[in-house]
Amino acid sequence: MNQFTSVHVIYLLEAARWTLLLSLIALAGGGVLGLALALGRVSRLRILRGLAIAYIQIVQGTPLLVLLFLSYFGLSLAGYRLDPLVAAGLSLTFYVGAFLGEIWRGCIEAVPRTQWEASDCLGLNRFQQYTHVILPQAVRIATAPTVGFMVQVVKNTSLASIIGFVELTRAGQIVNNSTFQPFLVFLIVAAIYFAICYPLSVASRVLERKLHVAR
Amino acid sequence: MSQDSAVAGRPGRDPDGPANASEVVVSVQGVTKYFGPLKVLDGVSLEVRQGQLVAIVGRSGSGKSTLLRCMNGLEPIQGGRIVICGHDVGIGKSNRAELRRDVGMVFQSYNLFPHFTVERNITLALTLVKKNPKAEAARIAAEVLALVGLADKSSAYPEQLSGGQQQRVAIARSLALSPQVMLFDEVTSALDPELTVEVLKVMEDLAQRGMTMVLVTHEMAFARRVADQVVFMHKGKVWESGPTAQVFAHPTTAEFTQFIGTGL
């Protein structure tokens, strides 16, 4: 049995970079998908609303773990052998998109109806209303819940360890297997997760104050 | 009510409007509107001529605000016809852009954009819709802000202003687009008396400059002093209407008599 040394700590920190990368992929991919879904949810076209609702309901009702299995094991059976990073990134994108879509829909709807009316009366078309009046205000409302949800996403990337992707949690398992000091190892793992998530929470509060959320 | 209310209407103006030949800017004919099974407008007709100020008064729930919103296409109508500045309102949205160009609207709750400065609130539509260059838009903003007495507030955010100031910015914002007609939907109802005065002052100035205005209001003294025509609505109908001095001096219905009698 090996001693737990600084080498292990560095190994964990290096693995944490994959956790960060996976989180960023999830945020970027899920953000694009989420915006599309949110706009679909508030669309005037019934078909778009229906599709967005169906997607959100199905994905929100599916465990992330199952999405991971589907994209990694399922697709490989179908002949598409995905790299664990790609499979995990894809699953997280689908998962985060559904939740952000629903969170952001709520934020768009939280902008008072009178803002639509006032901008309509000034002659803005629907696209201009969204880009200049509604979305900027929705972003303010969305900041706190979005960052709050990102904290969940960072922690949920640990599920990618199941498909063999070596991120922070998987690295913790590996280190523990050789040192057998679970308390120490996983406390350090937990501390690293905390070190990533805590600044996010703080940033959320600061942003909220800075953008002086009026309502 | 004494007869010196014969001076009602603006100085130098005939209470019937500038001239009978002047153009009809707003024409509402037999308009019917339902909210579900509830008939809120029941065959409403009225006309506003160029340069007139028409005050629509009545109790809460009489349909006056709804009528104003229908005039601007914010609410669909189920029957009748509304034509403003030659644009047929309420039949589809095909002519919405032209309607917006010619008709301005000010709301009870100001509805300024909270994330923009006062100046940007005003220049937004100028640059986006009217495609004015930035400098030109800024010049217009300064001009209309001076008109409403807020030249020094251009870089303030709405939340830093009083309700009365916000409402004056809202008027300036609408005015900046040089509309043919302006609709005012109970614009002083959310303000305390002191702030109401400053907003009414701005509206009176506007009227004196010849702006065609339709206002839904509870300010009876203001309507009586400044309006050319008064329209009293009751139960979704135009119950009584006519030149201001005449309808106040000789109300013909019990409801209107009672309404002005309550001192509202």
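The model is predicted, so local features need pLDDT of at least 70 and side-chain atom pairs count only at pLDDT 80 or more, while totals for chains, interfaces and linings use all residues. Residues are numbered from 1 along each chain as its sequence is written, and chains are lettered from A and ligands numbered from 1 in the order in which they are written.

In chain A, helix H1 (residues 6-41) packs with helix H7 (residues 168-179) at an angle of about 160°, their axes being 8 Å apart. Helices here are DSSP runs of H or I with at least four residues, and strands are runs of E with at least two, numbered from the N terminus. Axes are lines fitted to C-alpha atoms, for helices over the stretch in contact, and angles run from 0 to 180 degrees between N-to-C directions. The angle makes H1(A) roughly antiparallel to H7(A), a term for angles over 145 degrees.

On the H1(A) side, the residues that meet H7(A) include A:His8, A:Tyr11 and A:Leu12; on the H7(A) side they include A:Leu168, A:Ala171 and A:Val175. Contact requires C-beta atoms, placed from the backbone, to lie within 7 Å.

In chain B, strand E1 (residues 24-35) pairs with strand E2 (residues 38-49) in the antiparallel sense over nine bridges; pairing needs at least two DSSP bridges between the strands. B:Val24 has B:Arg49 in E2(B) as its bridge partner. The hairpin of these strands has two residues between them, and there B:Gly36 takes a positive phi near 60°. E1(B) is also joined by five bridges to strand E4 (residues 79-84) of chain B, running antiparallel. There, B:Arg81 in E4(B) is the bridge partner of B:Gln29.

Technical notes:
Parallel < 35°, antiparallel > 145°, perpendicular 65-115°, else oblique. Contact = placed C-beta atoms within 7 Å.
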